[in-house]
Amino acid sequence: CGCTQFFDEGYHISRSHYANRPESTQEQPAVGNWISNRYNLRSAVVNMISLGVEKDTLMTQGYSGDLDEDIDNVVKEMLDIYPLGKYAVSTITPKTDTILSQTQITISITYSRTEEERRGIVQVFDVADFEYRLRSMMTQFSQIGVFSFSNGNCTDNEATLEQRIKKCWTRNPEYAVGLKEVQSVFYPKDVMNPIVEVAIQYLEPPEELEAKKKQLINAAKAACEAFTGDTDTAKLEYIYAYLWNNVLFDQSATKNAIENNDDQPKSSSYTAYGALVSGEASQSGYALAAQLMCNELGISSSVVTGMRDKAPYYWLYVSCDDEMMHFDPTSVRYDMMVGDAPPPTEPDETTVSEETPEDNPLQSHVFLFNLEEGQGRFSWNSNLYSIG
């Protein structure tokens, strides 16, 4: 799956399937569990896997059904369909012995995951809980998270899960630095309650990412120090103008993101660090920097990852003077890149007044859009974002 190579490097561990596992179950198998039908048999094997038991003996007398067929079907289900079995079990070997009128079934299980890995599975209860735990992974620069869903709460396919992970990555832009690659695997696919393994690779060691985070927070504070207005619109105008005047727009990186459907490693230019510390950023870097500045100035906002003109695009959904709006920090820059707008006159100030000419790129009507305008301008996955 491409993920197991990361398991020795770190875990994101919380509530686990194995939290209440008796210490002696693996070394001292319980003998003499009585079963009478397929349901009992299945429950016994599920219990073994859930507790990490390697060997157990089951007894039956007057079994209802075809025992050999049920054993074969239960073993196949545990290895191919049951999420914990698919994730953690390598083989299940049954052996039957008849003693007088009784049948003894010895079940031997070998595990493909270590006990630590099995204990590290996190139970999640709904999508909000899942997103919270993904964000927690990212704010700790953790590399592995394994999540178990219950009650049919995982309806994501692989494409939607990829978008959800990206959404979580953008939620804390100060931590959204140095992302190389994210891989996810379902155990198994196409079931209601899978185990999902998320493996994250970073471009730099955690201590370097932590140092960048601190630099970025300080840079955002410094960028907002000069603001003197009092309305949300004035704050957004200030953010847009600051980025316009102080950050080079990296067209090459932006075009690379478009060509790769935004699956490229998120080096500096694709992050707020590129914008606020290095002074050059792609389209996504502008948006992440804008959210960080919104946080600093007290504007409720979130980055949305979606599409604009059939290309991957980042913008913000913001609360502006008691109205929800779409804020596009690269509105004119992007249009200039794709040839939809002529180069405007470069402004000299980082704030604008009501007398600002209509063709000045710092007027709010070129980067701030109401809900109806936003629907015509952008597209997004409504299963991920509650907008409008």
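**Sheets and helices**

I started at β13 (residues 323-327), which pairs with β14 in the antiparallel sense over two bridges. For the terms, strands (E, at least two residues) and helices (H or I, at least four) are DSSP runs numbered from the N terminus, and two strands pair if DSSP finds at least two bridges between them. I looked up Phe327 and found Leu368 in β14 as its bridge partner.

I noted that this is a predicted model, where local features need pLDDT of at least 70, side-chain atom pairs count only at pLDDT 80 or more, and totals for chains, interfaces and linings use all residues. Residues are numbered from 1 along each chain as its sequence is written, and side-chain values use heavy atoms, without hydrogens and water.

I then traced the whole sheet: it is open, has four strands in the order β11-β12-β13-β14, and its pairing is antiparallel. β11 (301-308) and β14 (368-369) are the edges; each has a single partner strand, so one side of each lacks a neighbour in the sheet.

Helix α11 (residues 283-297) lies across β11, β12 (311-320) and β13, at about 15 degrees to β12. Axes are lines fitted to C-alpha atoms, for helices over the stretch in contact, and angles run from 0 to 180 degrees between N-to-C directions; contact means heavy atoms within 4.5 Å.

I turned to another open sheet of four strands, ordered β5-β6-β8-β7 with mixed pairing. β5 and β6 (residues 144-149) pair in the parallel sense over three bridges. I found Phe149 in β6 as the bridge partner of Val124.
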